[in-house]
Amino acid sequence: MHIAFIGLGNMGAPMAHNLLRAGRTVSVFDLSASAMESLHSAGARAASSALAAVREADVVVTMLPADRHVRELYLGEQGILAHATGNALFIDCSTIAADAAREVAAAAAERGLAMIDAPVSGGTAGAAAGTLTFIVGGETAALERARPVLEQMGKNIFHAGGPGAGQVAKICNNMLLGILMAGTSEALNLGVAHGLDPKVLSEIMAKSSGRNWALELYNPWPGVMDNVPASRDYVGGFGSSLMLKDLGLAQQAAQSAQAATPLGSLARQLYQLHTQQGHGQQDFSSILRLFQQKS
Ligand code: NAD
């Protein structure tokens with residue numbers, strides 16, 4: 001089986017490395033040449049374009065930033081759907097709007113091609129360790145074809161429903177994550193402003209009813225935890241601008257279903273402000289800085 005992997009950023013690169021480690025034949029493509037270098041030296045074929053990567057692939061995995069990148073890659077003038085082999089399976093792992101995922105899946109179906117949306121949870125650490133959670137939308141038969149490939153990059157695979165359902169579930173999760181990260185930062189900042197040690201306060205809350213993933217596994221306070229972006233000046237990880245995008249997708253989804261999401265809306269505003277202040281490229285745990293400014 002020949003796999004094409006397109007989009008080798010913070011998430012895509014470690015995911016593609018895991019496919020290579022599992023012995024897969026992988027062709028890679030990214031707009032950034034430097035992103036391709038480490039995959040090439042690990043044994044991937046460096047394709048000259050997305051089309052070249054896809055042309056002979058049985059399975060195509062894409063891991064791109066947002067709707068417009070996915071639409072352009074799949075449906076644009078040089079779109080990959082139009083140039084795929086007859087039986088190729090497409091797995092889009094990007095987090096995008098459910099509507100965009102459905103549009104691309106419908107275009108694939110028109111050409112008789114199978115496609116699933118398979119956004120992920122677990123962060124860059126999960127991508128590197130091969131322990132990602134895949135949240136899949138699409139037909140069961142397509143998911144079963146994808147399963148052996150997904151299992152080499154992740155630990156948990158959930159089938160949320162038909163096309164786009166993976167994106168809906170992922171957006172619900174990330175709205176909650178944005179709220180939890182902002183809330184965790186707010187609480188830590190309050191405690192520290194009263195002279196508490198952020199590490200001690202984190203230990204207390206992690207064993208109390210305020211415990212949550214952001215606090216326990218991705219602590220936003222620098223130095224509380226090793227191996228998280230907060231302890232390397234918020235470099236790498238999940239960019240604040242990507243979190244802002246996901247919180248915007250949640251608001252769009254809320255509007256179309258007329259669901260009330262006041263906390264999600266507030267979290268989006270906080271990330272908007274934070275990004276406007278120049279922190280878009282920093283990991284989303286850097287939202288702590290928004291609170292620290294006052295103290
Ligand atoms: P990133 O910005 O680090 O990487 C995106 C990569 O896509 C870049 O290397 C870019 O050059 C490449 N790219 C863009 N357009 C392209 C095109 N047309 N052809 C080829 N390459 C192209 O982003 P990331 O952090 O890897 O996130 C990717 C997706 O995964 C996003 O939708 C994000 O919301 C989601 N996600 C990220 C995390 C995380 O912790 N970083 C966790 C879960 C989900």
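This is a predicted model: local features need pLDDT of at least 70, side-chain atom pairs count only at pLDDT 80 or more; totals for chains, interfaces and linings use all residues.
1. Residues are numbered from 1 along each chain as its sequence is written, and side-chain values use heavy atoms, with hydrogens and water left out.

2. Two further backbone contacts deserve a look. At T95, a polar backbone atom is 3.0 Å from an oxygen atom of the ligand. At G237, a backbone N or O atom lies 3.1 Å from a ligand nitrogen.

3. Now the shell. The ligand is surrounded by 23 residues, the closest being N10, M11, D30, P65 and K245 (near means a heavy atom within 4 Å). By type, the shell splits into 11 nonpolar, nine polar and three charged residues (Ala, Val, Leu, Ile, Met, Phe, Trp, Tyr, Cys and Pro are nonpolar; Asp, Glu, Lys and Arg charged; the others, Gly among them, polar).

4. Where does the shell come from? Domain 1 (2–162) and domain 2 (168–292) each give at least three residues, with bounds from an automatic or database domain assignment. Helix 6 (123–129) and helix 11 (240–257) each supply at least two (helices are DSSP runs of H or I, at least four residues, numbered from the N terminus).

5. On to charges: the whole structure has six salt bridges (a side-chain nitrogen of Lys or Arg within 4 Å of a carboxyl oxygen of Asp or Glu). One of them pairs E103 with R71, closest N and O atoms 2.8 Å apart. E103 is in helix 5 (residues 98–110) and R71 in helix 4 (residues 67–75), 32 residues apart.

6. R289 and D233 also meet in a salt bridge, 2.9 Å from N to O. R289 lies in helix 13 (residues 288–292) and D233 in the loop between helix 10 (213–217) and helix 11, so the pair ties together parts 56 residues apart in sequence.

7. Finally, K245 and D246 form a salt bridge at 3.2 Å, N to O. Both K245 and D246 are buried (under 20% relative accessible area; over 50% is exposed, in between partly exposed; 1.4 Å probe, protein chains only).

Terms used:
A polar contact is a pair of N or O atoms within 3.5 Å; within protein, one must be able to donate a hydrogen and the other to accept it, and residues adjacent in sequence count only if both atoms are side-chain atoms.
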